[in-house]
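Please read the following note with the sequence and the structure open beside it. Each point may be checked in turn.

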Amino acid sequence: MDALLGPGMAVAPDARASAACLPLSDRQPGFHPAARAATPAQADTGHPPVTEVKVGVIDNSSGKLAREGAAGFLGAATSAFMGFVLTVVLARVLGDTGSGVILQAIAVFTIVLSLARAGMDSVAVWIMPRLSANDPSKIRGTLAMMFLVTAACGIVCAIGMIALAPTFALSGDRHAADVAQAIAAAGWFLPAGALMLVALAATRGLGGVLPYVSVGSIAMPSLRTGGVWLVAIAGGSLVAVTVAWAAPVVIALVAALVVLGFQVRRHERAAGLRGVWRVQPALRTSVVMYALPRVLSAGLEQSILWLGILIVGFLAGSASAGVYGGASRLVAAGFIVDTALRIVVSTRFSALLFAKKFADIEHLYRTAAIWLVLISTPIYVVLAAFAPVVLRLLGPGFEAGAGVLVILCVGAVLTFTAGNIHSVLLMSGRSGWAAFNKAVVLVINVLGNVILVPLIGINGAAISWALSMLIDAMLAAAEVRHFIGIRIWAPTIAYALVIPIATFGIPALILLQTLGETMLALVLTLAIGAALFLVWCALDRKRLHLTDLVRFTRA
């Protein structure tokens, strides 16, 4: 497999590079020898032998997970709701063609942004928990280096995005010129967007779920949606609408930097020291070696998520891109549970993997996987069952995306059965393998789109996306099982999947037969399904590990 990745790609699996990947060792202050033996599967992590570390600042209990998960869920729910409102605003005010233009500009911005941040957001989530727990003096200098790299990469990517934007006018679509202008306008905000994402990731890595949620999941999506609505109803051009969507990253960047400054000073005061600006070569090498594969992996990941809109726009026109984009954005809005859990568990996975607490890792992973499947599936069951009803909210012509919505919902549910497997893989330091997975999946996605879209239209793009997500999860699950020894516990996951399908799916089928595809049937399904779902979960809360959630709710 290393040979397939190429030199330098398989960072963590290569034992020869492990010293560069993880310079923090038992020779540094804050590490206390208390080694324990690991199983062969656990020991083969790609890192040098690491002694037992007391990570007192990190609480890995289910109660802590539930509390921070609730905060993450609130933020993710707000972000998802604002995303849904944004989709409705674009569709209602601009129509399928206008929304298609804006969504294509957003797609290009998002893909390029994944490259512009230079992998430093993933580095922040990975290394900040380790530095804060074991060597806070290095936080300041590491952050400065990460911001410098991100700023330089962001500027280069912005210049490239603006310079290449006119090429989108050559697609032949009569609205292609509008797409090119919107992409160029968004490009000016790319450096700020990259720095903002890295700053937010750093606040999360230093233990700040609340700032991450408040700024990134609540404030910025709200500002974007409000700004787009005001500009759109005022009759602003498509370029003006694009600027209204992109501009809030500047405000979010300022807020994130303020919070981050307080966090850094707090960690330094707690340790009784002042951080240094100079970054040691070993740590610098560690950051770069971890980030390089993540640049590729993140670019590939966002390409998988957004490239379908661009391909549909190129092959079928902006109107089809608007319909496909509207349906796919509804599915993306349903990722609120996945986002909330990932915000919380990623840093815990990093700390636990570093401390070699494999039993805790497996328990945390399986608990989070159960919650993810159990709580996210109802959203997709209802969206799939009432796809035409939901899409009618977007306006005339969007019902053509009903098949897309059903396919994407099925794909999302099946993908969630793997839990937060990608977080485990990344936090173990195997960003090279993650990049390899994304490369394989992107090839499948692009080939699927190119072959299927001309044959079956936007449903072909949906099939390609769903298949890509499933393969990505399967590859990550196989790698995590091989390198760390953690496996998906299928019986428990299957049981968690049955509950929402039964409680929401059966009422949906009955009401569709009796009331048809109406808003009344959808509302009744939500009410009846929620009641049945809550009763079932209450009766079986111990098996589903919901006891901590119940305690938190009562508190």
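The numbered points below concern helices, loops, aromatic pairs and a surface patch.

1. Basis of the note. This is a predicted model, in which local features need pLDDT of at least 70 and side-chain atom pairs count only at pLDDT 80 or more, while totals for chains, interfaces and linings use all residues. Residues are numbered from 1 along each chain as its sequence is written, and side-chain values use heavy atoms, with hydrogens and water left out.

2. Helix 21. Helices here are DSSP runs of H or I with at least four residues, numbered from the N terminus. Helix 21 covers residues 490-515, which is 26 residues. The distance from its first C-alpha to its last is 36 Å, close to the 38 Å expected at 1.5 Å a residue; the expected span is 1.5 Å times one less than the number of residues. At Ala-502, helix 21 bends by about 30°, where the bend is the angle between axes fitted to the seven residues ending there and the seven starting there.

3. After helix 21. Gly-516, just after this helix, takes a positive phi of about 80°. Glu-517 belongs to the loop between helix 21 and helix 22 (519-539). Its relative accessible area of 45% makes Glu-517 partly exposed; buried means under 20%, exposed over 50%, and partly exposed in between, with a 1.4 Å probe and protein chains only. Although Glu-517 and Phe-386 are 131 residues apart along the chain, their C-alpha atoms are separated by 6.6 Å.

4. Helix 9. The 25 residues of helix 9 (residues 209-233) should span 36 Å at 1.5 Å a residue, and the 35 Å between its end C-alpha atoms agrees with this. Helix 9 has a kink of about 30° at Ala-219, shortly before the proline Pro-221. Just after helix 9, Gly-235 has a positive phi of about 85°.

5. Ala-118. Most residues other than glycine have a negative phi. Ala-118, a residue other than glycine, has a positive phi near 60°. Ala-118 sits in the loop between helix 4 and helix 5 and is buried, with a relative accessible area of 6%.

6. Aromatic pairs. How many aromatic pairs does the structure hold? There are six. Rings of Phe, Tyr and Trp (its six-membered ring) pair if their centres lie within 6.5 Å; planes under 30 degrees apart count as stacked, over 60 as edge-to-face and the rest as tilted. One of the pairs, Phe-109 with Trp-245, is edge-to-face, at 5.3 Å centre to centre and 90° between the planes. Phe-109 lies in helix 4 (residues 62-116) and Trp-245 in helix 10 (residues 238-246), so this pair ties together parts 136 residues apart in sequence. Phe-109 and Trp-245 are both buried.

7. A stacked pair. The ring centres of Trp-126 and Tyr-290 are 4.2 Å apart and their planes are at 0°, so this pair is stacked. Trp-126 in helix 5 (residues 120-134) and Tyr-290 in helix 12 (residues 281-316) are 164 residues apart, and the pair links these distant parts of the chain. Trp-126 is buried at 1% relative accessibility, and Tyr-290 is buried at 2%.

8. Nonpolar patch. Val-443, Leu-447, Val-450, Ile-451, Leu-455, Ile-456 and Ile-463 make a nonpolar surface patch of about 650 Å². Patch residues have over 30% relative accessible area and no salt bridge, with like charges joined within 9 Å and nonpolar side chains (Val, Leu, Ile, Met, Phe, Trp, Tyr) within 5 Å. A salt bridge is a side-chain nitrogen of Lys or Arg within 4 Å of a carboxyl oxygen of Asp or Glu. Accessible areas come from the Shrake-Rupley method with a 1.4 Å probe; for residues, only the protein chains shown count as cover. Helix 19 (residues 431-456) gives the most to the patch, with six residues. Ile-456 is in helix 19 and is partly exposed, with a relative accessible area of 43%.

Notes. Helix = DSSP H or I, 4+ residues; strand = E, 2+ residues; numbered from the N terminus.
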